[in-house]
Amino acid sequence: SDVCSSDLLVQLSGFIAQLSTDSLSEPNVAFLELTWVDTDPGGLGEFGFGANKSADFTSANAADNWEFFITAGAFVPVEAEFVRAKAVFVQDSNAGGAAWVDNVSLVNLSAIPEPGAATALVMVGLTAFSRRRRS
């Protein structure tokens, strides 16, 4: 696993579909992927290929139906200056078909408050609201 410079945990999600009029041929695939970019001279360039990707969308997936795909949460490595979020389509030679991608989101999972903290805030708000209503 990569060593992290911070607790920055990110995840990529989105929807992928194929039309019945232009469905994927084997072995074409589509997927969502996170990679990292190091722009330092002599640095790594883009790295992390294949390590943080969603499941593959293939010809076996239903046509005319949007399906949800997600990457596992991934910590940003020390060497990374940028996170690159990608929708990837791999086409073999002249194999036909197209994949459509929509509603892609890159989420910082580190920014989500702990359930305990969120519950405490809601409870304080409800208590204050109920006291005002009784007066």
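The questions below cover the fold, the confidence and the backbone of this predicted model.

Me: In what pattern do the helix and strands follow along the sequence?
Reply: The protein chain has one helix and seven strands.

Me: What share of the contacts with a separation of 6 or more comes from residues 24 or more positions apart?
Reply: Buried residues make up 28% of the 135 residues. For contacts at a separation of 6 or more, residues 24 or more positions apart account for 77%.

Me: Which element has the lowest mean pLDDT?
Reply: The protein chain averages a pLDDT of 80. Strand β4 (residues 67–70) has the highest mean among the elements, 96. Over residues 126–133 pLDDT stays under 50, and the model has zero contacts beyond four places in sequence there. Where pLDDT is low, the coordinates should not be read in detail. The lowest mean, 50, belongs to helix α1 (residues 115–134).

Me: Is N103 buried or exposed, and what is its relative accessible area?
Reply: N103 lies in strand β7 (residues 100–108). Its phi is positive, near 50 degrees, although N103 is not a glycine. Exposed means over 50% relative accessible area. N103 is therefore exposed, at 52%.

Methods
Residues are numbered from 1 along each chain as its sequence is written. This is a predicted model: local features need pLDDT of at least 70, side-chain atom pairs count only at pLDDT 80 or more; totals for chains, interfaces and linings use all residues. Side-chain values use heavy atoms; hydrogens and water are left out. Helices (H or I, at least four residues) and strands (E, at least two) are DSSP runs, numbered from the N terminus. Buried means under 20% relative accessible area, exposed over 50%, partly exposed in between (1.4 Å probe, protein chains only). Contact means heavy atoms within 4.5 Å. pLDDT is the predictor's confidence in each residue, from 0 to 100.
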